[in-house]
Protein chains: 2
Amino acid sequence: MRKGRVTIPTDASFVEGTKIIADKWGADAVRDCDGTVLPDNAAELADKVYNTYFVIRGDNEWGEAHPEEWQHAVLMSRRVTAAESKLAIDIAEGYYAAQLKPDAGSQRFWVVVDRTSGQRVKDWEFDEKTNEVAFKSVPFHEYTVSYMATSLWDPVQMYNYITNDWHCEKQRMYDPCYPLTAEYIKRHLKEWCDAHPETNVVRFTTFLYQFSLIFNTYGKEKYVDWFGYTMSASPKMLDDFAAEYGYSLDCEDIADNGMYNNPFRVPSRKFLDYMDFVERRVTAAVKELTAITHAAGKEAMMFLGDCWIGAEPYGDYFPELGLDAVVGSVGGGVTVRMLSEIPGVKYREGRFLPYFFPDTFYKGNDPTKELNRNWLTARRALMRKCLDRIGFGGYLSLAAQFPDFIDRAAEICDEFRAIYDCVSGGKPYSALTVAVLNCWGKKRSWMSFMVAHELWYQQIYSYQGILEALSGLPVNVRFISFDDVKNGIDKDIDVIVCAGDMGTAFSGGEMWRDEKIVTAVKKWVHDGHGFIGVGEPTALDNGGRCFALADVLGVDLERGFTLSEDKYNIEKKEHFITADVASDIDFGEGTKNIYALPGTDVLDITFSDRFVRKVNVGEVNLAANSFGKGRGVYIAGLPYSFTNARLLYRAMLWSAGKENLLDKAFSSNPDTECNYYPDMKQYAVLNNTAAQAETEFFDINGKKSRLSLKPHEIRWIRA
Amino acid sequence: MRKGRVTIPTDASFVEGTKIIADKWGADAVRDCDGTVLPDNAAELADKVYNTYFVIRGDNEWGEAHPEEWQHAVLMSRRVTAAESKLAIDIAEGYYAAQLKPDAGSQRFWVVVDRTSGQRVKDWEFDEKTNEVAFKSVPFHEYTVSYMATSLWDPVQMYNYITNDWHCEKQRMYDPCYPLTAEYIKRHLKEWCDAHPETNVVRFTTFLYQFSLIFNTYGKEKYVDWFGYTMSASPKMLDDFAAEYGYSLDCEDIADNGMYNNPFRVPSRKFLDYMDFVERRVTAAVKELTAITHAAGKEAMMFLGDCWIGAEPYGDYFPELGLDAVVGSVGGGVTVRMLSEIPGVKYREGRFLPYFFPDTFYKGNDPTKELNRNWLTARRALMRKCLDRIGFGGYLSLAAQFPDFIDRAAEICDEFRAIYDCVSGGKPYSALTVAVLNCWGKKRSWMSFMVAHELWYQQIYSYQGILEALSGLPVNVRFISFDDVKNGIDKDIDVIVCAGDMGTAFSGGEMWRDEKIVTAVKKWVHDGHGFIGVGEPTALDNGGRCFALADVLGVDLERGFTLSEDKYNIEKKEHFITADVASDIDFGEGTKNIYALPGTDVLDITFSDRFVRKVNVGEVNLAANSFGKGRGVYIAGLPYSFTNARLLYRAMLWSAGKENLLDKAFSSNPDTECNYYPDMKQYAVLNNTAAQAETEFFDINGKKSRLSLKPHEIRWIRA
């Protein structure tokens, strides 16, 4: 049995069991987890020992001693409508008093906004006793206060504390933005390294600033943004920013009318400046920590989560951090690719599901099912760009009680190593290069449409499916920004995908008012490329036309202003794109009120039972349109499924005019997928299901043969 | 048998049959129709003879002789994306050459617009031979030409001509804006009156300008707006406008980026000026025609349709027209009220359905069903404000072949007269006064959400249901504008209803940025009134808050910018508003992504099968919220049904804090409705269905009794 590339959790109370499972799985690293302690002889269990390290929390002695260096967060009060000409807003109302407390010392950054007039209120007073901001109001105007609060308690520890009914100390969060803590975090790490000779890998969880995670009055989550920068702000941070940039940011710049510059917002110049500033601050501090780690003979590993703000893995400064590795949770193909493509580190590890916790590992449940589901979803992405390592987390002793699980995980570990050997041996064949276009571009590669890490939201799953599909399709995937478009779309790109709700950073919003962007994309499509829009792509609140690229996509969104224009193009046509569709296509939440322009091919349309007419009815879900030598495809929504991944692949090929590539290195059954590794002279045909699958396999020359694949099988075929 | 208040069609070939049916139905007026000719002895058939009269078409001799006075229309060319730096747009492309031809003489009004930059193109040339407008273009910008065309053929006659395969002359449309025609139309009417002594009522079909009705290349409807003013424009009209207003309108002011200032648009100042100007022009011309009619001893009746543009029945100038009567088609309660409340005329007539045409009156079909459906829908509105007359149209000889139909229509005529006698005897009891708020206010009373007269559109039926429900509910109904709000909401109004899609004139669009409007409405609700929002009421593309009155309604629309804010308020509650709801409520198209603010009562919420969480899921369909002493109610959509009418009634009572009025003059079964006529000391309990209905009747003092109503029955009860 091959060994290596696998990390398992261990615990002081499960040493012998760890040895057995480590052997079965070929694990070469052990780690500690929340609620476990590494055994003293951890180094005997595996080649490498990972040890969790917290930079800005965990040392409450330091924390309690330096309240003036605690972390902060910018918050917005609830919205209050004045009934009279005086108003007092309790700015802490709705927030969890144990987490956040208004910082009276930061008042110079606070902003009271009259949301009805859009004006700022100049004269106001804060009463520290009542937490009230009082001012003269215009009756029936709505007001908010954007302010700064001190973080009293680390929200991740707090969450575990509340959830698991812990009674340990509440961990403070100290801010290395301040001078004493800046020195302290280096000193502490040095000491810690000295005190942990058995540790090979310092698993930073994570660095300096927590993603936005704010709790409500009842200690339940109130606000979560995995990309949020609001907990990085502090008086010192904003002062330093002003000193460097020559202009000041205030709390409203950060609070952003309660939207906190979340990634769905078309980013403002101010926020981009602020992000860049925080990134550089974090980079400067962390590179010293990694240097200390290396000096102690250990590796530095970043956990992509918790306090990862400012350490943007696709940002310009990331390679400067000097990290050896990144580890993150894997929920599917997107998170695999988000991890596996991170530049500037030596290796990338994915922590797979299920987590070994009692919520899954209880009597009567079959955790192997979740293991298989997670593995199959992630595996297709590994086939494109493999992680360097996989691992698990939680209580290994719990998993040990499920022998089927242990056996299946062992198979998976072997399969992972086989995939790694092939995929790391040379770039897999790609039929196309696809660019996902949004306001974030490369900086948020594989990070589109996410709110809370990997969590399902009704408003996003119909878009997330695009990336999930792309993560395993035989195409190169790029993420480009509107600046990239203005600077000239790269020659090798075949297809651009634009997806998202109107006005968001993902569909482009105001960017589409820039005639340079509009004309650059239109010319590029006209010259013979493909453009795929999903949801409300290129949408503007313009009136007569809603989609800036309606002429390319061949459809537009009826916003109620063009109902008088008769719509006759409602007949569904057969098409290359839908040739593999067996039953109804799942468009997820879909998009209402889409109609086809004359000349467009309607490939799917929904008619309601209420319809009594043969004109001006139906909502187009899928359409194909020619534009010059290029082509546009519109899709109303694309939740991930095998069928939808195939649909997207066909749509991309068609839009790029490369339909002839379909039956090259291809497996016909949509439950299966084929990857081809020219350097390794290998094909891999995946059965993505738990059932037997029959398929026709086409080699790179189009030569066909029949395959019968076992459940979950990867069939390796020599080229 | 009672006689009167009923008009029937007749035909020279069906004189004896007309007499029999006139007798059965108690008809006191006969009329001609499309395709029929009045018999010479028409006056012997009834007290009154109506005769159709066309003002601006029908006399092709005049038309052919005065091509310089033909009517015009402002059109927008199709949108063309330039591929090169020169572009030529065939501006007639897509239009029906037999209907409209570019008028080269009107070029001073034409506008070429670069829709990508928003700029106007100054230098362009028109080639009359090719219909092409040529100019220098920026590659991949989109261009349109807004221009004026000459109307070659009346579109209503054209429609009948094409539909019925006629081979008669194509009727020209001459424009009384021009001097010769202005004199001619008076002369012609005088002569016509002299030549038609048997005619008592000149049924004008209609006056000067056709509502927008534009056909495509294939002679099929391309653009229809029952309220559209684009066919009133002409070089003379625009010149005269400029002379009076001191500023000029051009074709783009009318074409409005292809939206032609349709009623869904928040009206611009320019368009309101133009409407007012056209209304005054039409009024001045028509009052001379009515004077001529009266001088000839005849009555002047307006058909509310076809060329009714500029004769707005709820406009300021309408009473000046000097009309005796208005007649219009009745499709349900809304059209009844639209007709029955028109001020400034002596009587109002509704033409009921079905029309006596072979599409309904064919062997094997039961036209009585449509008769009953139409009658029951309209009847509840008649109970609130009765028409003065009813009538039918088409071939009476065809209807005569269906004896059941003739008998049922006779019953209906009797029932109508009974209703008329009661309702005209005094105002019915109203529990509340409700104001529908939109940009049009009183001017478009009972005209909201309409595209083509009475036609079903997917985007409007969920709003039209509100007015249909209101048309028969025991409430006073007003239509108010945002100016009315600014000038002070009338004291007697209990509830305001705001309904429509975001940005439209019906939901208010930009009006809600006016802090005077926002604060006026909020204060008014806070003081103890009700506000009901349907669809996307008060919606603005604002970011953090979408509904300007979110605090009143207790809900907001998630536009993708506040996904990070956790939404916990997803539990459905029982409520006064939904107490009569037996099964699922029909919200029609509904509204996606509505969430409840904390503290709001969620009365209906949709959960998808895909949901896996207990937070941030569900789409709120119905919610109730307190705001000061007042209340807000949100409804996602309200297609008309008996249940929804009841729901709306309860919502209005609750929002106004008048729940105690529910069981006063009330019939409990939602299939039934009660009206109370204090002056007549009568109750009328309607069974709106074709089935027996059991109900509890409550008199005005709340005294309860059980009723069993026959199908279609009106139970008259003495008070």
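In the predicted model, B:D154 caps the N-terminal end of helix 4 of chain B, with a side-chain oxygen 3.1 Å from the backbone nitrogen of B:V156. Helices (H or I, at least four residues) and strands (E, at least two) are DSSP runs, numbered from the N terminus. Helix 4 spans residues 155-163 of chain B, and B:P155, B:V156, B:Q157, B:M158, B:N160 and B:Y161 in this helix are buried. Here, buried stands for under 20% relative accessible area, exposed for over 50%, and partly exposed for values in between (1.4 Å probe, protein chains only). Strand 14 (212-215) of chain B is included in what covers these buried residues. After helix 4 of chain B comes B:D165, which has a positive phi near 55 degrees.

Residues are numbered from 1 along each chain as its sequence is written, and chains are lettered from A and ligands numbered from 1 in the order in which they are written. As the model is predicted, local features need pLDDT of at least 70, side-chain atom pairs count only at pLDDT 80 or more, and totals for chains, interfaces and linings use all residues, while side-chain values use heavy atoms, with hydrogens and water left out.

Further backbone features occur in loops. B:N257, a residue other than glycine, has a positive phi near 55 degrees. This residue, B:N257, is located in the loop between helix 7 (251-255) and helix 8 (269-295) of chain B, and B:N257 is buried at a relative accessible area of 13%. A positive phi, near 60 degrees, is also found for B:W446, in the loop between strand 20 (432-437) and helix 13 (461-470) of chain B. B:W446 is buried, at 0% relative accessibility. In chain A, the peptide bond from A:L353 to A:P354 is cis, with omega near 5 degrees; A:P354 belongs to the loop between strand 18 (347-351) and helix 10 (367-382) of chain A.

About 6,100 Å² is buried between chain B and chain A, 53% of it on carbon and sulfur atoms. Buried area is the accessible area (1.4 Å probe) that two parts lose on being put together, summed over both. B:F140, B:F561 and B:R610 supply 13% of the area that chain B buries against chain A, more than any other three residues.

Six salt bridges are found across the interface of chain B and chain A, a salt bridge being a side-chain nitrogen of Lys or Arg within 4 Å of a carboxyl oxygen of Asp or Glu. In a salt bridge, the side chains of B:K592 and A:E589 meet at 2.6 Å, N to O.

Chain B is superposed on chain A by a rotation of 180 degrees with 0.0 Å of shift along its axis (RMSD 0.0 Å). This is the relation of a two-fold axis. Copies are superposed by least squares on the C-alpha atoms of residues with pLDDT of at least 70 in both. The same surface serves both copies, as 100% of the contact residues of chain B recur in chain A.

Definitions and conventions. Contact means heavy atoms within 4.5 Å. A polar contact is a pair of N or O atoms within 3.5 Å; within protein, one must be able to donate a hydrogen and the other to accept it, and residues adjacent in sequence count only if both atoms are side-chain atoms.
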